[in-house]
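The exercises below are to be worked with the sequence and the three-dimensional structure at hand.

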Amino acid sequence: MSFIKSLKCIDCGKEYSPEDLIAACTECGQKGLGFGLLDPVCNYDKIGKQVNRNILENRKPSLWKYKEFLPISDESKIVSLDEGGTPLIKCQSLTGETGIKNLYVKNETVNPTSSFKDRAFSVIISRALERGASTVAAVSDGNAGASASAYSARAGIACYIFTPAFAVQSKIIQMSMYGARVISVKGSLIATGMLVLGACIKYGWFNITTAKVLNPYQTEGHKTLAYEICEQLNWQAPDWVIAPVSSGDSLGAIWKGFKEFYALGFIKNLPRMVGVQGEGADPLVKAFDEKKQFYEIEEFEPVTIADALCIGRVLGSWPLNALNESNGYAVAVSDKEILEAQKSLAAKEGIFVEPSSATTIAALKKLLSRRVINRNESVVCVTTGSGLKVLGVAAQVYAKPVQIEPSMSELEKVLSK
Ligand SMILES: [Zn+2]
């Protein structure tokens with residue numbers, strides 16, 4: 001069922017067989033980490049003969065309705081918890097506040113483990129099973145680890161998750177409840193990644209870290225998010241898609257999804273992509289603003305309230321390409337702006353997201369004030385994870401309840417204040 005015809009180097013264009021088990025272009029990859037990322041390329045002529053808009057519309061909403069676009073050959077190995085098929089919610093109250101008539105939230109918090117990472121891990125664990133893996137390992141600061149753990153549990157395979165010291169407790173609890181062995185490492189994500197690489201070689205584990213730099217197939221699941229948006233907008237792309245950015249792999253994958261539907265003639269327009277990061281953890285924004293290449297931004301110690309976006313380095317040209325090709329934009333938002341946006345999305349639209357997802361609403365407000373986005377344009381904000389995953393942040397700002405005796409007079413006293 002897989003229609004992938006090659007792996008193409010995003011830096012020099014050299015193509016490899018999809019069966020080549022290599023992480024990077026043999027030529028560009030020599031230059032260092034992040035160079036020569038490989039991207040799976042589908043045979044669109046063949047896919048076009050198998051599916052069309054009508055066929056897709058008649059399939060049940062799910063990530064796997066797009067199976068022709070995904071890198072799995074043996075359908076019996078698919079590991080699914082019914083991920084994808086998430087709602088695209090048209091905002092009402094925020095429309096009044098921002099003045100945008102066509103503002104949507106792609107609500108990824110309703111995925112099985114409450115984050116968009118389930119799209120990636122349904123595909124990753126299915127591929128691991130295809131290759132006979134019995135133990136998998138990943139580096140994750142939270143959502144990816146929770147998702148990896150859940151899909152490993154579903155597949156009946158052992159899972160090790162290596163977390164950095166800053167990982168939030170609630171996400172570690174989630175990983176552990178799914179049965180993963182969680183190991184906290186005192187070091188950067190990059191250093192932890194190197195440890196996991198070594199451990200996978202030593203113990204024969206299958207490395208399932210969601211980084212394109214390790215495995216070109218790791219983020220293919222994310223592109224289905226773009227397919228769904230097109231279908232939900234009646235086969236159109238919005239004018240803008242705003243997405244939070246950590247490594248930037250998912251931003252690149254979402255952009256790829258739009259380009260694939262465009263190449264197949266399923267949509268007639270492409271969106272402009274916006275990548276959002278937290279101020280203090282904004283290497284992609286720096287590269288974009290300063291018109292630099294990804295490797296020209298030196299790694300720094302990241303600090304942001306958006307724990308899922310805590311990154312101090314861009315790994316590869318994949319996310320920058322998405323911004324440049326789509327005539328897009330990159331923007332950083334402060335902790336204060338993130339908390340305000342989180343509260344406003346929850347209180348005005350009923351969508352409670354984690355701080356990293358709230359960055360998209362904060363970014364929208366900023367880009368409206370900078371007149372980058374026009375109020376007549378349509379905008380989709382991608383909210384990637386549930387607010388219930390990081391209650392510690394909301395706990396600092398929520399309105400604590402008043403406690404009273406069960407008497408009407410006490411209630412009246414409270415209501416009168
Ligand atoms: Zn290359």
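**Exercise 1. Determine which residues of α4 meet which residues of α5, and describe how the two helices cross.**

Solution. Step 1: α4 comprises residues 117–130 and α5 residues 143–155; helices (H or I, at least four residues) and strands (E, at least two) are DSSP runs, numbered from the N terminus. Step 2: from α4, Lys 117, Asp 118, Phe 121, Ser 122, Ile 125 and Leu 129 take part, and they meet Asn 143, Ala 144, Ser 147, Ala 148, Tyr 151, Ser 152 and Ala 155 of α5. Contact means heavy atoms within 4.5 Å. Step 3: two packed helices are described by the angle between their axes and the distance between the axes. The axes of α4 and α5 come within 9 Å and cross at roughly 45°; axes are lines fitted to C-alpha atoms, for helices over the stretch in contact, and angles run from 0 to 180 degrees between N-to-C directions. Step 4: α4 and α5 are therefore oblique to each other. Angles under 35 degrees count as roughly parallel, over 145 as roughly antiparallel, 65 to 115 as roughly perpendicular and the rest as oblique. Step 5: the crossing of α4 and α5 is right-handed; a crossing is left-handed if the near helix is turned anticlockwise from the far one by less than a right angle, and right-handed if clockwise.

The model is predicted, so local features need pLDDT of at least 70 and side-chain atom pairs count only at pLDDT 80 or more, while totals for chains, interfaces and linings use all residues. Residues are numbered from 1 along each chain as its sequence is written, and side-chain values use heavy atoms, with hydrogens and water left out.

**Exercise 2. Identify the protein donors of the zinc ion and state the geometry of the site.**

Solution. Step 1: the protein donors are the SG atoms of Cys 9, Cys 12, Cys 25 and Cys 28, lying 2.3 Å from the zinc ion. Donors are N, O and S atoms within 2.8 Å of the metal (3.2 Å for Na, K and Ca); water is not among the atoms, so sites may look incomplete. Step 2: the angles among the 4 donor atoms are 105 to 113°, and the site is tetrahedral; four donors count as tetrahedral if all angles lie between 85 and 135 degrees. Step 3: along the sequence the donor residues follow the spacing C-x2-C-x12-C-x2-C. Cys 12 lies in the loop between β1 (4–9) and β2 (15–16) and Cys 28 in the loop between β2 and β3 (38–42), so the pair ties together parts that are 16 residues apart in sequence. Step 4: Cys 12 is partly exposed at 42% relative accessibility, whereas Cys 28 is buried at 7%. Buried means under 20% relative accessible area, exposed over 50%, partly exposed in between (1.4 Å probe, protein chains only).

**Exercise 3. State where Trp 235 and Lys 291 lie, and whether each is buried or exposed.**

Solution. Step 1: most residues other than glycine have a negative phi. Trp 235 has a positive phi of about 60° although it is not a glycine, and Lys 291 has a positive phi of about 50°. Step 2: Trp 235 belongs to the loop between α8 and β10 (240–244), and Lys 291 to the loop between α10 (283–289) and α11. Step 3: Trp 235 is buried, with a relative accessible area of 7%, whereas Lys 291 is exposed, with 75%.

Conventions: Four donors count as tetrahedral if all angles lie between 85 and 135 degrees; four count as square planar and six as octahedral if opposite donors are over 155 degrees apart and all others between 65 and 115; anything else is irregular.
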